[in-house]
Amino acid sequence: MKLNSEARAIYKSIREEIKKRIQLKESLAYLDNFTPTNDKEEILKRQNYLKESLSKIQPGLKELLGRVKPIRFKKDYFHDRLLVVDETEFEKAKNLEICDVALEPEDGYDLILSTIGYGIDVGISISEIAPELYILPLWENKETLKALSNIKALLGEKSVANEILTKLKELTPTMKKKELLINLDEIIREEENNLNARIEERLKEFSLTLSGKELLEFLKRLKDGNYETIFSHFSQIEDDILREIRRSEEKLNKLLEIDVELFSRETLYPVEVPSDAIEVLRHELEREIKLELYLKSREILKKIRPLIPKLREELKKAYELEFLRAVKEFTQGFTFPTIAEGGIGFINGEHLFIKNPQPVSYIIGDVIELDGTNGERVIILTGANSGGKTSLLELIAQVTILTHMGLPVNAEKAWVEVLDELFFFRRKRSSYGAGTFETVLKSFAHSLIREGKKLILIDEFEAITEPGAAVKIIGELLKIGHEKSFYIVIVSHLGEDLKSMLPFARVDGIEAKGLDENLNLIVDRQPKFGILGKSTPELIVEKLYHTKRGQEKEIFRRILKAFKE
Ligand SMILES: Nc1ncnc2c1ncn2[C@@H]1O[C@H](COP(=O)(O)OP(=O)(O)OP(=O)(O)O)[C@@H](O)[C@H]1O
């Protein structure tokens with residue numbers, strides 16, 4: 001379906017409304033499947049798809065879908081492993097571009113994999129050589145897997161995400177160790193501090209026990225040359241310290257699943273783990289964890305590999321679901337229009353961007369029957385200033401565009417004919433120069449050229465030229481439009497003149513009903529069909545008559561009287 005630039009702006013604002021409700025970037029692409037089309041079958045297909053899918057959307061989905069993140073299995077090069085193969089396999093192995101390949105084992109690798117019995121036995125496939133490529137993204141996206149599983153549960157369906165999560169649990173101890181490795185320094189230094197604090201405590205106690213009577217006893221033994229007891233006394237504290245060191249070491253060994261003497265015994269206070277010892281340990285642990293991670297990943301991948309395509313499907317479905325959820329949120333209270341022949345009509349349409357709008361019913365053509373209408377295709381919309389004429393044109397455009405997108409529309413009921421083109425011409429407030437007049441006139445003429453089914457909405461054209469000329473121009477344009485069976489709604493204050501020129505046209509009027517208790521205009525946004533809209537000057541005069549005093553009041557009384565005669 002073709003839209004001119006201002007109609008396109010309305011389409012864009014509708015798209016924006018849906019877009020801003022979509023939480024996942026990956027769901028945005030689905031919007032492109034709903035561009036306005038003049039293909040009736042396609043519209044009906046979209047309607048059927050939405051009717052079925054929107055009914056599945058439930059309130060709890062928003063939060064769950066918001067937690068879905070893309071799971072990307074990206075190819076990587078593993079510098080930590082060497083694949084040893086024989087000559088016949090060398091090319092094939094190299095072409096995988098996943099890790100170094102050699103004919104003989106070499107030093108400097110954490111993992112040696114081989115097809116010819118040098119290290120861990122593997123076949124030449126990515127899932128055997130680097131199973132982490134699949135397993136790590138899944139592990140890192142456990143939240144997404146949980147969300148997918150809950151989404152499916154909410155829809156009463158089974159999810160492979162659940163199965164994958166169960167299998168991934170086998171990786172938990174290895175991953176915990178990996179976590180510990182990141183904080184290895186802090187863990188060791190913390191234990192070191194604890195240990196030194198405990199030793200300090202012991203030393204303090206020890207010095208206290210030396211005071212007083214015991215000190216005299218000590219001196220006596222010293223005089224007697226009885227060094228043994230003195231040594232035994234001091235070695236007791238040494239034993240105590242060594243016991244504390246072992247306690248700390250056992251704690252660390254248990255935590256890190258190792259068996260090493262970490263603390264140096266050379267100085268007993270303060271004790272310290274030398275930095276290079278930590279580095280050696282880190283390296284050792286890294287190798288161990290890598291191997292463990294590789295082996296477990298391989299094991300898990302064997303079981304879940306067949307589930308990955310289904311998982312991809314589920315993710316795609318989740319993106320689609322999020323798109324549908326946003327559409328449902330946006331179209332709350334809307335209805336699917338009936339695709340009909342003979343024009344555009346709706347009951348209780350509500351403007352998308354006016355807060356608490358008054359619902360308006362309208363008809364162009366003979367798609368439905370409303371009192372006061374007679375199947376007219378060309379309509380002149382007249383009426384009170386700020387009555388809602390522009391807003392009604394916008395509402396007609398919104399209903400038309402939504403229909404052609406295949407979406408439900410913002411009305412209680414609607415009947416819309418499939419159109420080839422939609423034109424919307426806004427009133428150009430900014431300039432009244434000849435340039436503007438010329439361009440506007442050209443684009444009006446342009447809208448009438450091509451054949452096809454068209455809806456042309458024009459907002460107050462006379463604003464850019466003098467009323468006399470406007471009647472002639474508009475009159476002629478509308479005649480051409482009528483001859484070509486286009487649907488046209490034009491906002492104009494020249495209703496009376498145009499009506500006498502164009503017997504085929506209907507003149508509708510939006511009217512002010514009167515003044516409220518604060519003397520503000522009460523406008524009935526619902527146009528009266530076939531009735532020229534009274535403009536509001538009379539009500540303004542009435543307002544002034546009521547609010548002014550003395551001589552001024554008298555003037556307004558006389559004007560008001562003139563209106564009533
Ligand atoms: N159906 C509606 N319900 C509630 N408010 C509305 C409705 N239609 C229009 N309005 C409000 O009325 C005001 C005037 O609307 P609009 O600009 O469409 O009037 P207009 O008749 O085109 O005015 P003008 O005579 O200046 O061209 C706007 O603030 C709009 O939000």
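Two strands are taken to pair if DSSP finds at least two bridges between them. Helices (H or I, at least four residues) and strands (E, at least two) are DSSP runs, numbered from the N terminus. The structure is a predicted model, in which local features need pLDDT of at least 70, side-chain atom pairs count only at pLDDT 80 or more, and totals for chains, interfaces and linings use all residues. Residues are numbered from 1 along each chain as its sequence is written.

An open sheet is formed by 4 strands in the order 6-10-7-8, with mixed pairing. Strand 6 (338-340) and strand 8 (360-365) stand at the edges with a single partner strand each, so one side of each has no neighbour in the sheet. Neighbouring strands of this sheet are turned by 20° against each other on average, direction ignored; axes are lines fitted to C-alpha atoms, for helices over the stretch in contact, and angles run from 0 to 180 degrees between N-to-C directions. Strand 7 (residues 343-349) and strand 8 run antiparallel and are joined by 5 bridges. Within strand 8, Ile363 is the residue opposite Gly345. Helix 15 packs on the sheet and touches strand 7, strand 8 and strand 10 (413-417), and its direction makes about 110° with that of strand 7.

Strand 14 (residues 506-515) pairs with strand 9 in the parallel sense over 5 bridges, and Thr382 has Gly509 of strand 14 as its bridge partner. Strand 14 also pairs with strand 15 (residues 521-528), here in the antiparallel sense and over 5 bridges. Gly509 stands opposite Lys528 of strand 15.

A binding site comprising Gly383, Ala384, Asn385, Ser386, Gly387, Gly388, Lys389 and Thr390 is listed in an unreviewed UniProt entry; positions follow the numbering used here, feature names are shortened, and annotations may be inferred rather than shown by experiment. Gly387 is placed in the loop between strand 9 (378-383) and helix 15 (389-405). Gly387 counts as buried because 24 other C-beta atoms lie within 10 Å. Residues up to four places away in sequence aside, Gly387 touches Ile510, Ala512, Val523 and Gly533 (contact requires C-beta atoms, placed from the backbone, within 7 Å). Lys389 belongs to helix 15 and is buried, with 27 other C-beta atoms within 10 Å. Its contacts beyond four places in sequence are Leu381, Gly383, Val491 and Ile510.

Around the ligand there are 13 residues, the closest being Gly388, Lys389, Thr390, Ser391 and Arg525 (a residue is near a molecule if its C-beta atom, placed from the backbone, lies within 6 Å of it). Helix 15 gives the most to this shell, with 3 residues.

Positive phi values were also examined. Most residues other than glycine have a negative phi. Leu519 takes a positive phi near 65° in the hairpin of strand 14 and strand 15, which has 5 residues between the strands. Glu257, with a positive phi near 50°, is placed in the loop between helix 12 (227-256) and helix 13 (275-304). Ser485 has a positive phi near 60° and lies in the loop between helix 17 (467-483) and strand 13 (487-491). Ser485 is partly exposed because 13 other C-beta atoms lie within 10 Å.

Key: Buried ≥ 20, exposed ≤ 12 C-beta atoms within 10 Å, placed from the backbone. Contact = placed C-beta atoms within 7 Å.
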